Amino acid sequence: MSDEPQPKKPRPGWASHKPQAADTPDDARDDTRTDEAALPRSDESDAESGGKDGTGPATATAGGSGTAGASARKAARDERRAALRARRTGWRRLVPTWRMVCGTFLVTALLVVGGFLLGYALVQIPAANALATQQANVYLYADGSVIARDGEVNRENVTLSQISKDAQHAILAAEDRDFYTESAVDPQAMIRGAWNTVTGKGKQSGSTITQQYVKNYYLRQEQTVTRKVKEFFIAIKLDRNQSKDEILEGYLNTSFFGRGAYGIQAAAHAYYDMDASELDAGRAAYLAALVNAPSQYDVVAHPENRAFVENRWNYVLDGMVDEGWLDPAERARLTFPVPKRTTHSTGMSGQRGYIVNIVKQHLTANKIVDEAALDAGGYRITTTLEKDKQDAFVESVNDNLMDRLDKENRKVDTYVRAGGASIEPKTGKVVAMYNGIDYVKQYTPNATRRDFQVGSSFKPFVFAAAVENGSRTQDGRRITPNTRYNGDSERPVQGWAGPRYAPENEDHEDYGDITVSEATDKSVNAVYAQMAVDVGPDKVRKTAVDLGLSPDTPDLDGAGPSIALGVANASVLDMAQAYASLANHGKHTPYTLVEKITQNGRDIALPERRTRQAVSREAADTTTSVLKGVVEKGTATAAQTSGRPAAGKTGTAEEDTAAWFAGYTPDLATVVAVMGQDPVTAGHKSLYGAMGLPRVNGGGAPAEIWGQYTRDALAGEPVSSFSLRLQPGAHESQPPAPDSSGGPSSSDDPSAPATGDPDDEDTGSSTPDDDSSGSDTGSGDDGAESEGQDSSGGTSTGSPSGGQSGDTGDGGTGTGTGGDDTGGATDDSNRDELPGPGGLSGALDGRRWD
């Protein structure tokens, strides 16, 4: 053996990268060609490769040998493939190889994953569709009962906490029992639903509650592949962004339940007239069953489907039991809760449309909610209106006016309209309104319109202004209930720098020398026109506005002496507010129509309402003492049907186009107007001959409506008497008015005393801001009493000239400083002011009116 190192023998399967020598033995080449083993051996192949006789081709080279080997290998592979193809004949050629199966699966998986990632990236959660965000505004009476719903979509969104647990569980039992544990989508259920739909087992979406919510809230209802794909991806994303409770809440607020109701709150009212929070298991299960087929499953509209509906209802209840949401014993006691055939109408007919529009205007005018926000909906507005009082108002108008019309035989009866408003004096809450026979027939709300003259119902503001300003007559006498005026018709007013003004009394009647109280009872125009000049028209206007009339009232400015006759076109609601201020001892609280307002469960702040002393208590209470006589023995005796102490004033517009009665008790101020309007031209019309009567005035239908309404509205409440504090000297009689052919005018400064006339009665004429007790001067003559204190007690001092003591509230003492009478303690709750001899009109005794 040679000492030189021997080359290592290559391992099996190793092939040299170097070309082999031509004379390399065959066995050595065989060891280094791993692919040779797979080649078929034959003589022909051996010959082609150079033979095996041991000599080999003499001309073979290393390069030629490598090329020949590669060609041989390629040829061998082609031959093998051909052989395999030769063997896959017939049906075998249709069967994919394992390589084909694996490749197809791999490609499909890559496409699915890529498509999912692409879709997840491209599909974003969109903004809610317009239909899903639309809601109705719900208007409620003070007790929570529904007045009306407005808006194109009957939906009221509520929070999940405002939906009963039974209702939540019923929906889950009907639609998606595994909602809280499953993913946002259920591919298996989607495939099953599609299969059932294709095979004719009914349309089934196979969607989860999340997917249904996405369809309701973000997409539309069309059945397209594009919508389903979007629904799939949005549901997955939504499930990551919102909690299950939020999704369930959204689903319950967007689902359609039939009867035009979107959302479970609207559905609860549509079928059972209750809130969603009040739904029990039986009713909730029926509403849950409706989701499957809202129109067909309404057993009232489709009684023929009741068997199917009851099966679905039982399925829902059984599901609730299976999930542990309903006790089996309670389940056994449940019977099918047939929904109401009709519920309270929430349309705009009757008084509802008027109320909705007036409340809307109130909200926007007071900047509580703007118009655009109201149009978007979703507000729950609790009004101050009380249903029993509202119903009583409508009934009284029908009984005393509408039922007495004969529109077939009397054309004038087609002109008749009515308006009314009722306010709590102490709170300013509007508790009832009457606006017309039906909003869908007469659109104009008669309680808020400002186009009819208020007539003599304005006169109390003139007298209140006189007392408030300490005004005097042309000859220097203080204006009190007993001040005497010349009441002759067409007597020119004195002290007026403008054109001659000589107003007519009704029926041109002359009254001669007459007191202010008597002139108020009989509504003497001549007296009040003169009084307006004595006070000053501007001061009269200010008092009317302070009490509650709008400063924008048409024809209130620049009226001159005619302001006393009610040429202003105030609304019924404005007049009710002003009279409520008189009833509340001169304290004015701006009226309100809204008690509470929420949006989607969130409270909306209401503006602060401040009570202020519009006129002094003496001015308001002395006016009340005068107006009581109008009801007792004046032009408004028909109002006595209220059965309570009352004060008020009638009024008639020019040419009898409107008749008014404005009155109040200590607890309620109400104004009623009957108006004449052409139904075609909307022009004002006289009411001569309406209801078959020669004329319509405030003491007729308006006072009769007022009396019946007030009696019914206050039924069951204790009878309250007026507690009054009169102006100093209100009881004193005054001498007849002198012949006023001339004399100084005090209209520029009506409070200035005339020469030689004592002004000691000015003492004590203050403007209290509350009902605190104090010493007041006064006594009572002929029903005109000076109630020198309120309920807090104190001392009332009579006038310097003596007389009866004033009433006291809670055990106070009335002392007549100029006489021998001493008043003891009295009980205001049982009687009104006691009538005395001479002077003002008699008072109403509370016991007499029980």
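Reply: Happy to! A cavity here is a set of grid points where a 1.4 Å probe fits but cannot get out, and its volume is the space filled by probe spheres set on those points. Please keep in mind that this is a predicted model.

Searching the whole structure turns up 1 cavity of 30 Å³ or more. This largest cavity holds about 40 Å³ of space. Its lining is made up of Ile423, Glu424, Pro425, Gly428, Gln577, Ala580, Ser581, Lys587, His588 and Thr589. Two elements, α22 (572–583) and β10 (587–588), each give two or more residues to that lining. The most comes from α22, which supplies 3 residues. Sorted by class, the lining has 5 polar, 3 nonpolar and 2 charged residues.

Now to the sheets. One of them is open, with 5 antiparallel strands in the order β7-β6-β16-β15-β14. Its edge strands, β7 (430–434) and β14 (647–652), each pair on one side only, and the twist from one strand to the next averages 5 degrees. Within this sheet, β15 (residues 658–664) and β16 (residues 669–676) pair in the antiparallel sense over 7 bridges, with Trp660 standing opposite Ala673 of β16. Helix α23 (residues 617–633) packs on the sheet, where it touches β14 and β15, and its direction makes about 65 degrees with that of β14.

Another open sheet has 5 strands in the order β2-β1-β5-β11-β12, and its pairing is mixed. Here β2 (146–150) and β12 (602–603) are at the edges with a single partner strand each, so one side of each has no neighbour in the sheet. Strands β5 (residues 379–383) and β11 (residues 594–599) run antiparallel and are joined by 5 bridges; Ile381 has Ile597 in β11 as its bridge partner. Helix α15 (residues 352–365) lies across β1 (137–140), β2, β5 and β11, at about 75 degrees to β2.

The axes of α6 (residues 165–175) and α10 (residues 244–254) come within 11 Å and cross at roughly 85 degrees. The two helices are therefore roughly perpendicular to each other. Where they meet, α6 brings Gln168, Ile171, Leu172 and Glu175, while α10 brings Leu248, Tyr251 and Leu252. By class, the residues of this contact are 5 nonpolar, 1 polar and 1 charged.

Note on methods: Residues numbered from 1 in each chain as written. Predicted model: local features only at pLDDT ≥ 70, side-chain atom pairs only at ≥ 80, totals over all residues. Heavy atoms only, no water. Pairing = 2+ DSSP bridges. Helix = DSSP H or I, 4+ residues; strand = E, 2+ residues; numbered from the N terminus. Contact = heavy atoms within 4.5 Å. Axes fitted to C-alpha atoms, helices over the stretch in contact; angles between N-to-C directions. Parallel < 35°, antiparallel > 145°, perpendicular 65-115°, else oblique. Nonpolar A, V, L, I, M, F, W, Y, C, P; charged D, E, K, R; others polar. 1 Å grid on protein atoms, 1.4 Å probe; cavity = no way out; pocket = protein on both sides within 12 Å on 5 of 7 lines; lining within 4 Å.
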